[in-house]
Amino acid sequence: MSFSSSSSSSSVTPQYTVSDFDFELPPELIAQHPAPERSGSRLLDGRSDVPVDRVFRELPDLLNPGDLLVFNNTKVIKARMYGAKATGGSVEALIERVLPGTLEVWAHVRASKSPKPGAWIRFNEAFDAEVLGRCGPDGGMFHLRFPSDPFALLEQHGHVPLPPYIEHADEADDVRRYQTVFAREPGAVAAPTAALHFDEALLARMSERGIASAHVTLHVGAGTFQPVRVEHLSEHKMHSEWFEVPAETVAAVAACRARGGRVVAVGTTTLRALESAAQGGTLVAGARETEIFITPGFNFRVVDSLVTNFHLPKSTLMMLVSALAGHGRVMALYRHAIAQRYRFFSYGDAMLLQRAGD
């Protein structure tokens, strides 16, 4: 199948529909808990025509000295809150974004009746938040004001925002395991899950092998779990996320290219940040919003290889990995993973992919 190539974030290939990214997944393959050891997860090596079943701790041997691993150093906040309106009605809130330098947040709010501007919500029987109004791209979220530092209040009173397909309430182990070992910048409501497989020992082995590392920050939003509700990709409105690519990372990518190394994105969020920052033709440092929608036909400017978990059927992330590695190959790898009983989604196993044609 021939693809058109474009650097436009809205460019899609008409011959693909959402149904092309569907697959049947046995429910028992959805991982409800992480593997006992981070680097003990399985790794499906999908770089060649024949998939190879490996263990994640083998990853350093699959990369070359001089390659560059780029991580997303976002930190998951305890963004799920439970409370009640003044009328007594129960409320569940997911804090999507803490507005910088303020006491204000954007939140998804579930209640029997939507709270009105000027209303108050008492969270965890501990503090009151004022409803300022509706907000977000489609007015689907609520603008709230907390009485003091939102990050501190969430850390004290919030819950780990586990994905909807994980069926247990958050536990003490989730506080540790639904977070990368290098998480630094608070703001995500979902973990950059491919990076959950890295532990300190594995990072040390990468360094010893001469594999460089760098980071970006992209605060993963709840939109990452939203289904695509249209059949034609060109009609889908992509959610927006904030990201930052430091100048040091731009320099690290340039140095990697100069020595003939490969840029390996750890996770789709890292890939999204890097490719968003290069939409003008070259990788540019800075912080901004991205609504980039990566589908087959996309012109990759930065990323050569990708470490990624297995994604939801018909999701934008299935489209992204298919854009990188090729639709046919990705679907074949998913069939192999299901047949071999790999564990899926956030707490599941991982894949190693390379850009099609490389």
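**Exercise 1.** In the hairpin of S6 and S7, which residue takes a positive phi, and how many residues lie between the strands?

*Solution.* The model is predicted; local features need pLDDT of at least 70, side-chain atom pairs count only at pLDDT 80 or more, and totals for chains, interfaces and linings use all residues. Residues are numbered from 1 along each chain as its sequence is written, and side-chain values use heavy atoms, with hydrogens and water left out.

Step 1. Find the strands, which are DSSP runs of E with at least two residues, numbered from the N terminus; helices are runs of H or I with at least four. S7 covers residues 104-111.

Step 2. Check the pairing: two strands pair if DSSP finds at least two bridges between them. S6 and S7 are antiparallel, with 7 bridges. Leu-94 has His-108 in S7 as its bridge partner.

Step 3. Look at the turn. There are 5 residues between the strands, and Gly-101 has a positive phi near 70 degrees.

**Exercise 2.** Describe the hairpin of S5 and S6.

*Solution.* Step 1. S5 spans residues 80-85 and S6 spans residues 90-98; the two run antiparallel and are joined by 5 bridges.

Step 2. Tyr-82 has Glu-92 in S6 as its bridge partner.

Step 3. Between the strands lie 4 residues, and Gly-88 in the turn has a positive phi of about 100 degrees.

**Exercise 3.** In what order do the strands of the closed barrel run, and which helix packs on the sheet?

*Solution.* Step 1. The order of the 6 strands is S5-S6-S7-S10-S9-S8, with antiparallel pairing. On average, neighbouring strands are turned by 45 degrees against each other, direction ignored.

Step 2. Helix H2 (residues 150-157) packs on this sheet and touches S5, S6, S7 and S9; contact means heavy atoms within 4.5 Å. The direction of H2 makes about 135 degrees with that of S6.

**Exercise 4.** At what angle do H7 and H8 pack?

*Solution.* Step 1. Axes are lines fitted to C-alpha atoms, for helices over the stretch in contact, and angles run from 0 to 180 degrees between N-to-C directions. H7 (residues 316-325) and H8 (residues 327-339) pack at about 120 degrees, with axes 7 Å apart.

Step 2. H7 is therefore oblique to H8. Under 35 degrees is roughly parallel, over 145 roughly antiparallel, 65 to 115 roughly perpendicular, and the rest oblique.

Step 3. List the residues that meet: Met-318, Val-321, Ser-322 and Ala-325 in H7, and His-327, Arg-329, Val-330, Met-331 and Tyr-334 in H8.
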